[in-house]
Amino acid sequence: MEDSAGSGNFDPYGGKTVQECQDMIRTSLETPTVKFLKENLEKAGCGIAENFIRAVKCSKQIGGGYVRGQGIIICSNHMNLQDEVDRVVIHELIHAYDDCRAANLDWTNCAHHACSEIRAGHLSGDCHFKRELLRGHLKLRGHEQECVKRRVMKSMAANPYCSETASKEAMDAVWDVCYNDTEPFDRAP
Ligand SMILES: [Zn+2]
């Protein structure tokens, strides 16, 4: 699936080259959260190889994506900050983890896709307060959940099997269970 980038505006600073982004991915791989996810992917039987996460230049307006059997791409031309790369890497690793732990996960099933987007949005910290401020969304009460919902809908818009209505219904139906499912973390970081 394909996911929007961390910042609301696309490449306001022009983005990074593939090589620069590859270096930023290497830095991400040394952060505690990414290391923890990598370890848990291994434990779940889905250890990832060196080239599992690749920087590429994207023509679509996305920050990155995960494809079963192919790995994770990070869109270098839509990345500017290390923090953005870290968020996308973590977000996509949650998708990879979900794909690994549930043998019957079906990305064409809107509820399955919604659940993984809810978890990835929540657990990656995509919607932490300071990142929302940077996007110009300032609303205190319930801002985190609203932000996750907004981003779930954005990501699901790229799923040809899920209309906007079907996506919204699926998201609402699985929200409580999936928002509270923080595996492999004890709680949301
Ligand atoms: Zn996603």
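Among contacts in the protein between residues at least 6 apart in sequence, 73% join residues at least 24 apart. The model is a predicted one. Of the 189 residues in the protein, 38% are buried. The secondary structure consists of seven helices and four strands, and the order of these elements from the N terminus is β-α-α-β-β-β-α-α-α-α-α.

Helix α4 covers residues 110-123, a run of 14 residues. The distance from its first C-alpha to its last is 20 Å, close to the 20 Å expected at 1.5 Å a residue. This helix is mostly covered, with 12 of its 14 residues buried. The buried set comprises Cys110, His113, Ala114, Cys115, Ser116, Glu117, Ile118, Arg119, Ala120, Gly121, His122 and Leu123. These residues pack against α3 (82-101), α6 and α7. Just after α4, Gly125 adopts a positive phi of about 75°.

The packing of α4 on α6 was examined next. The two axes come within 9 Å and cross at roughly 135°, which makes α4 oblique to α6. The crossing is right-handed. On the α4 side the contact involves His113, Ala114, Glu117, Ile118, Gly121 and His122, which meet Val148, Arg151, Val152, Ser155 and Met156 of α6. By class, this contact has five nonpolar, four polar and two charged residues. An α-helix has 3.6 residues a turn, so residues three or four places apart point the same way. In the α4 contribution, this spacing can be followed through His113, Glu117 and Gly121, and again through Ala114, Ile118 and His122.

Helix α4 also packs against α7, at an angle of about 55° and with the axes 8 Å apart. That angle makes α4 oblique to α7, and the crossing of the pair is right-handed. Residues Cys110, Ala111, Ala114, Cys115, Ile118, Arg119 and His122 of α4 make the contact with Ala166, Ser167, Ala170, Met171, Ala173, Val174, Trp175, Cys178 and Tyr179 of α7. The residues of this contact divide into 13 nonpolar, two polar and one charged. Ala114, Ile118 and His122 of α4 are listed in the contact with α6 and also in the contact with α7.

Helices α6 (residues 143-156) and α7 (residues 164-179) pack on each other as well, at an angle of about 135° and with their axes 10 Å apart. On this basis α6 is oblique to α7. The crossing of α6 and α7 is right-handed. Lys149, Val152, Met153 and Met156 of α6 meet Ser167, Lys168 and Met171 of α7. The contact has four nonpolar, one polar and two charged residues by class. Val152 and Met156 of α6 take part here and also meet α4. On α7, Ser167 and Met171 meet α6 and are also among the residues in contact with α4.

Helix α2 (residues 32-43) has 12 residues, which at 1.5 Å a residue should span 16 Å; the end C-alpha atoms are 16 Å apart, in agreement. The helix is followed by Gly45, whose phi is positive, near 90°. Asn40 is located in α2. This residue is partly exposed, because 17 other C-beta atoms lie within 10 Å, whereas a buried residue would need 20 or more. Leaving aside neighbours within four places in sequence, Asn40 is in contact with Tyr97 and Pro184. Asn40 and Tyr97 are 57 residues apart along the chain, and their C-alpha atoms are separated by 8.0 Å.

Pro184, the other contact partner of Asn40, is found in the segment after α7. The peptide bond from Glu183 to Pro184 is cis, with omega near 5°. For context, most residues other than glycine have a negative phi, and most peptide bonds are trans.

A further asparagine, Asn77, lies in the loop between β4 (71-75) and α3. Asn77 is partly exposed, with 19 other C-beta atoms within 10 Å. Asn77 and Cys58 are 19 residues apart in sequence, and their C-alpha atoms are 6.8 Å apart in space.

Conventions
Residues are numbered from 1 along each chain as its sequence is written. This is a predicted model: local features need pLDDT of at least 70, side-chain atom pairs count only at pLDDT 80 or more; totals for chains, interfaces and linings use all residues. Axes are lines fitted to C-alpha atoms, for helices over the stretch in contact, and angles run from 0 to 180 degrees between N-to-C directions. Helices (H or I, at least four residues) and strands (E, at least two) are DSSP runs, numbered from the N terminus. Angles under 35 degrees count as roughly parallel, over 145 as roughly antiparallel, 65 to 115 as roughly perpendicular and the rest as oblique. A crossing is left-handed if the near helix is turned anticlockwise from the far one by less than a right angle, and right-handed if clockwise. Two residues are in contact if their C-beta atoms, placed from the backbone, lie within 7 Å. Ala, Val, Leu, Ile, Met, Phe, Trp, Tyr, Cys and Pro count as nonpolar, Asp, Glu, Lys and Arg as charged, and the others, Gly among them, as polar. The expected span of a helix is 1.5 Å times one less than its number of residues.
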